[in-house]
Amino acid sequence: MNLSVGIVGLPNVGKSTLFNALLQKQVAAVANYPFCTIEPNKGVVGVPDERLSVLAKIVGTARLVPAAVEFIDIAGLVKGAAQGEGLGNKFLANIREVSVIVHVVRFFVDDSVSHVERKIDPATDVEIVNSELILADLETLEKQKPPKGKVEKEALIFWEAVQILNKAMNQGQLAKDVPLNEKQKAAIKRLSLLTAKPVLYVANADEDQLKNAQKVVQDFPYQPVIFLSAKMEADLAGLAPADQKAYLKEYQLTEPGLNRLIKVAYETLGLISFLTAGPMEARAWTIKKGSTARQAAGVIHTDFAKGFIKAEVIAYQDFVYYGGWEKAKALGKVRAEGADYQVQDGEVVEFKFN
């Protein structure tokens with residue numbers, strides 16, 4: 001399952017610094033987090049998962065394969081993008097392709113880095129970007145035509161949703177915040193509206209602001225927000241683990257901001273990981289929360305789903321406690337589950353198929 005995250009924001013807010021920190025982080029830890037650069041502005045990053053290294057020791061493998069997130073560094077947006085200003089249409093087309101938007105907002109103060117609006121005002125910066133995305137979505141909505149003659153019920157539901165969105169978005173609402181019922185949401189999904197996508201906000205701070213994080217963001221009206229310093233994250237990525245801990249401790253942090261960003265981006269879409277562990281590898285597989293055992297098997301290989309017999313399942317904590325498959329099975333701690341069983345986050349699973 002592909003999860004793509006688009007990093008957006010005004011120019012000079014730290015998007016590329018954040019993106020490069022993500023890439024550097026993976027290069028520095030390539031043994032545990034396989035890294036792949038697809039294009040200069042794309043990179044696949046592993047979802048931090050401490051469980052994998054534990055499983056690897058138990059089953060005796062050196063290969064760890066985490067769940068993955070693709071990050072895309074999208075060019076800076078400016079006022080008028082919806083009318084083609086700056087990179088305009090290219091910017092908007094790139095956002096349309098992603099699953100989640102990470103909106104980087106400038107909090108840091110640095111006179112050597114100019115601000116496109118000539119002042120540091122995080123909330124106003126968000127409003128500029130949102131306005132451009134709303135304008136682009138309204139253009140999409142205005143292209144839709146009312147159904148004529150005898151039409152199917154689905155077409156009426158679609159048109160009803162378009163009218164509701166048009167009215168609300170002309171008043172400044174994002175599509176994701178407009179109350180629609182489930183049928184209406186399903187009907188307009190094909191429009192790929194930019195403002196219908198989940199958004200995470202990254203407050204890009206300087207190192208002094210990090211020490212007063214709560215105070216700095218208390219008046220910021222947008223949630224969820226992850227407070228970090230892209231510059232510091234880039235420095236952290238190049239340090240040895242022991243040095244990272246010392247650096248983080250100085251700012252009363254328990255883990256890098258990038259780890260929090262990757263995890264929250266992963267969770268925002270309602271995704272979870274089930275685990276597999278054997279002599280070849282310890283691996284995390286991405287599925288939607290509520291997925292059945294057959295669907296989870298199909299993520300590994302379509303043949304697993306077609307010939308599904310059963311799933312042998314054990315909670316991660318139990319797998320660790322009993323020291324792996326052999327003892328857990330001998331003591332009857334591994335459950336046999338059918339095709340409709342809903343796989344839970346962190347469960348270690350072995351599929352039997354024909």
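Asn 130 touches Leu 174, Tyr 201 and Tyr 222 when residues up to four places away in sequence are not counted, a contact being defined by heavy atoms within 4.5 Å. The model is a predicted one, in which local features need pLDDT of at least 70 and side-chain atom pairs count only at pLDDT 80 or more, whereas totals for chains, interfaces and linings use all residues. Residues are numbered from 1 along each chain as its sequence is written, and side-chain values use heavy atoms, with hydrogens and water left out. Asn 130 is found in helix α4, where helices (H or I, at least four residues) and strands (E, at least two) are DSSP runs numbered from the N terminus. With a relative accessible area of 11%, Asn 130 is buried, a term that denotes under 20% relative accessible area, computed with a 1.4 Å probe on protein chains only.

A search of the whole structure finds one cavity of 30 Å³ or more, a cavity being a set of points, on a 1 Å grid over the protein atoms alone, where a 1.4 Å probe fits but cannot get out. The largest cavity holds about 70 Å³ of space, the volume being that filled by probe spheres set on the grid points, which are joined across faces, edges and corners. Its lining, made up of residues with an atom within 4 Å of a point, includes Asn 130, Ile 101, His 103 and Leu 174. The lining divides into six nonpolar, three polar and two charged residues; Ala, Val, Leu, Ile, Met, Phe, Trp, Tyr, Cys and Pro count as nonpolar, Asp, Glu, Lys and Arg as charged, and the others, Gly among them, as polar. Both β6 (100–106) and α4 (122–142) supply at least two lining residues each, and the largest share, three residues, comes from α4.

Strand β6 is mostly covered, seven of its seven residues being buried. Val 100, Val 102, Val 104 and Arg 106 point one way from the strand, while Ile 101, His 103 and Val 105 point the other way. Two strands are taken to pair if DSSP finds at least two bridges between them. Strand β1 (residues 4–8) runs parallel to β6 and is joined to it by four bridges, with His 103 of β6 as the bridge partner of Val 8. Six bridges join β6 to strand β7 (residues 199–204), also in a parallel arrangement, and here Arg 106 stands opposite Asn 204.

Technical notes:
1 Å grid on protein atoms, 1.4 Å probe; cavity = no way out; pocket = protein on both sides within 12 Å on 5 of 7 lines; lining within 4 Å. Buried < 20%, exposed > 50% of the residue type's maximum accessible area, 1.4 Å probe, protein only.
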